[in-house]
Amino acid sequence: MDCDAFREEMMDLLYEEAAPAVARRLDEHQAACRACRDELSSFRRLRRHLASWRTPPDLGRVPRRFSSARPYLAMAAALLLLVTGGLALKGSELRYEQGRFAFRLGRAPEPSALSAALAAQEQRHRREIDALQATVAAMSEKATLRKVQRMIEESEARQATIVSAGLTRLEERTEARRQYDLAQVGAGLSYLDGKAGLQAARTTELMGHVLQASQKR
Amino acid sequence: MAPSDEELVEQFQNGDSSAFDVLVRRWERKVQGAIYRLVGPGEDVRDLSQETLLKAYRGLGTFKQEARFSSWLYQIALNVCRDRMRRGRGKSYVSFDELSETGDTGTEPGPSALELIEARDLSRQVAAAVSALPQEQREVVVLKEYQGLTFLEIAEALDVPLSTVKTRLYRGLGQLRQELVRQGVRGGTPVPAPTS
């Protein structure tokens with residue numbers, strides 16, 4: 001066995017996985033070759049160093065979501081199936097109409113019962129309409145006019161109140177605006193006045209210097 | 001006598017879901033250890049372990065026992081770690097600061113303060129050196145050195161020939177030796193390359 005062959009098989013020897021015959025050949029080679037013997041020794045030392053890195057004891061247990069979930073899921077599915085099947089057999093119904101869910105427990109009414117219910121509903125509506133018509137007919141024409149007149153007057157009063165409130169708000173806003181504009185004008189005039197005064201003072205001072213210079217000459 | 005992995009897999013496939021619990025109890029800690037060494041400490045280890053076991057649970061029903069259960073389980077764990085590291089731009093997540101705080105150095109009871117510090121330093125240096133290995137070499141080193149898989153099991157888990165496993169391990173160990181020497185670890189002096 002040469003050194004290249006030894007290196008190819010060395011990992012088996014290092015991890016004690018070499019077949020007996022291979023291990024014997026490797027041992028024979030390393031006994032005769034110092035370089036290969038030293039390399040195997042250095043790898044053995046390295047393995048001792050590597051063993052110093054151990055996992056921390058507090059890695060924690062992995063939550064058993066997968067194992068415990070199964071029976072509960074199966075039970076939940078079975079329960080759901082049972083309830084759904086029972087309701088279906090009972091003739092219950094879940095409907096979605098006009099943005100709302102409607103759930104009916106039990107079987108739908110038979111066609112004859114439905115017709116009877118509709119007929120009763122129609123009769124009730126008719127009775128209510130007849131009663132309203134009778135009330136209107138009982139009122140005299142004058143009474144109706146008085147009632148309409150009163151409604152118009154109430155409406156006009158409401159409109160007048162609204163207009164009055166609007167005018168008041170408009171007046172307040174106009175007055176506030178006027179005050180603001182006046183203040184702006186006043187500030188502008190003060191500014192201009194200040195600038196003009198400053199300019200006059202500078203001119204007077206300049207003229208003083210000119211006069212003094214001319215007198216010295 | 002405890003049932004073998006293969007027997008438990010068969011029981012699970014025949015409808016006994018409690019067999020999976022036995023498998024989890026048997027392999028959970030080992031899978032966590034491998035993931036810890038591949039991606040580093042942190043909350044990721046628990047998440048990735050759970051993801052691994054969940055995938056195993058989902059796939060066990062159709063698992064054909066052409067490979068060992070352990071190889072198949074480690075294969076799932078490796079894929080989960082690779083996915084996570086790909087999302088993290090291929091970087092290992094080992095944090096050396098965290099290792100120095102939480103790492104179990106494995107020292108015997110009653111070491112001196114100096115020995116304790118040295119052991120912690122060595123543990124941190126080893127962790128850093130392993131995490132600096134190329135991914136292919138790191139996987140082989142972790143599976144062989146820390147998980148104790150046979151070369152055949154590693155070949156099955158990685159789906160590569162036996163010779164590739166041994167070559168990656170040889171190169172990985174060589175690089176680790178070089179890195180530890182660079183970090184000043186005593187006793188790791190490399191020897192000259194053998195000449196025939």
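How many helices and strands does chain A have? In this predicted model, chain A has six helices and two strands. Their order along the sequence is α-α-α-α-β-β-α-α. Chain B, by contrast, holds nine helices and zero strands, and its elements run α-α-α-α-α-α-α-α-α from the N terminus.

**Burial and contacts by chain**

The table sets out the totals for the two chains.

| Chain | Residues | Buried residues | Share of contacts (residues at least 6 apart in sequence) that join residues at least 24 apart |
|---|---|---|---|
| Chain A | 217 residues | 15% | 38% |
| Chain B | 196 residues | 49% | 65% |

**Helix α2 of chain A**

Helix α2 of chain A covers residues 20–32. With 13 residues at 1.5 Å a residue, the helix should span 18 Å, and the 19 Å between its end C-alpha atoms agrees with that expectation. The buried residues of α2(A) are Val22(A), Ala23(A), Leu26(A), His29(A) and Gln30(A). Because these residues cover an arc of only 125° around the axis, they are on the same side of α2(A). They pack against two other helices of chain A, α1 (3–14) and α3 (34–50). On the face turned away from this buried side, the exposed residues are Pro20(A), Arg24(A), Glu28(A), Ala31(A) and Ala32(A).

When residues up to four places away in sequence are not counted, His29(A) touches Met1(A), Asp2(A), Cys3(A), Phe6(A) and Cys36(A).

The loop between α1 and α2 of chain A contains Glu16(A). Although Glu16(A) is a residue other than glycine, its phi is positive, near 55°. Is Glu16(A) buried or exposed? Its relative accessibility is 74%, over the 50% limit, so Glu16(A) counts as exposed.

**Helix packing in chain B**

Two helix pairs in chain B, both involving α9(B), can be described in turn. Since an angle of 65 to 115 degrees counts as roughly perpendicular, α8(B) and α9(B) are roughly perpendicular to each other. On the α8(B) side, the contact is made by Phe151(B), Leu152(B), Ile154(B), Ala155(B) and Leu158(B). On the α9(B) side, it is made by Leu162(B), Val165(B), Lys166(B), Arg168(B) and Leu169(B). Sorted by class, this contact has eight nonpolar, no polar and two charged residues.

The loop between α8 and α9 of chain B includes Asp159(B). This residue has a positive phi of about 60° although it is not a glycine. With a relative accessible area of 64%, Asp159(B) is exposed.

The second pair is α7(B) with α9(B), which pack at an angle of about 95° with their axes 8 Å apart. That angle makes α7(B) roughly perpendicular to α9(B). From α7(B), the residues in contact are Glu136(B), Gln137(B), Val140(B), Val141(B) and Lys144(B). They meet Val165(B), Arg168(B), Leu169(B), Arg171(B), Gly172(B), Gln175(B) and Leu176(B) in α9(B). By class, the contact of α7(B) with α9(B) has five nonpolar, three polar and four charged residues.

**Val142(B) in helix α7**

Which residues is Val142(B) in contact with, leaving aside its neighbours within four places in sequence? Val142(B) is located in helix α7 (residues 135–146) of chain B, and its contacts are Ala34(B), Arg37(B), Leu38(B), Val130(B) and Gln147(B). At 0% relative accessibility, Val142(B) counts as buried. One of its partners, Ala34(B), is 108 residues away along the chain, yet the C-alpha atoms of Val142(B) and Ala34(B) are separated by 6.5 Å.

Terms used:
Residues are numbered from 1 along each chain as its sequence is written. Chains are lettered from A and ligands numbered from 1 in the order in which they are written. This is a predicted model: local features need pLDDT of at least 70, side-chain atom pairs count only at pLDDT 80 or more; totals for chains, interfaces and linings use all residues. Side-chain values use heavy atoms; hydrogens and water are left out. Helices (H or I, at least four residues) and strands (E, at least two) are DSSP runs, numbered from the N terminus. The expected span of a helix is 1.5 Å times one less than its number of residues. Buried means under 20% relative accessible area, exposed over 50%, partly exposed in between (1.4 Å probe, protein chains only). The arc is that of the directions from the helix axis to the C-beta atoms. Contact means heavy atoms within 4.5 Å. Axes are lines fitted to C-alpha atoms, for helices over the stretch in contact, and angles run from 0 to 180 degrees between N-to-C directions. Angles under 35 degrees count as roughly parallel, over 145 as roughly antiparallel, 65 to 115 as roughly perpendicular and the rest as oblique. Ala, Val, Leu, Ile, Met, Phe, Trp, Tyr, Cys and Pro count as nonpolar, Asp, Glu, Lys and Arg as charged, and the others, Gly among them, as polar.
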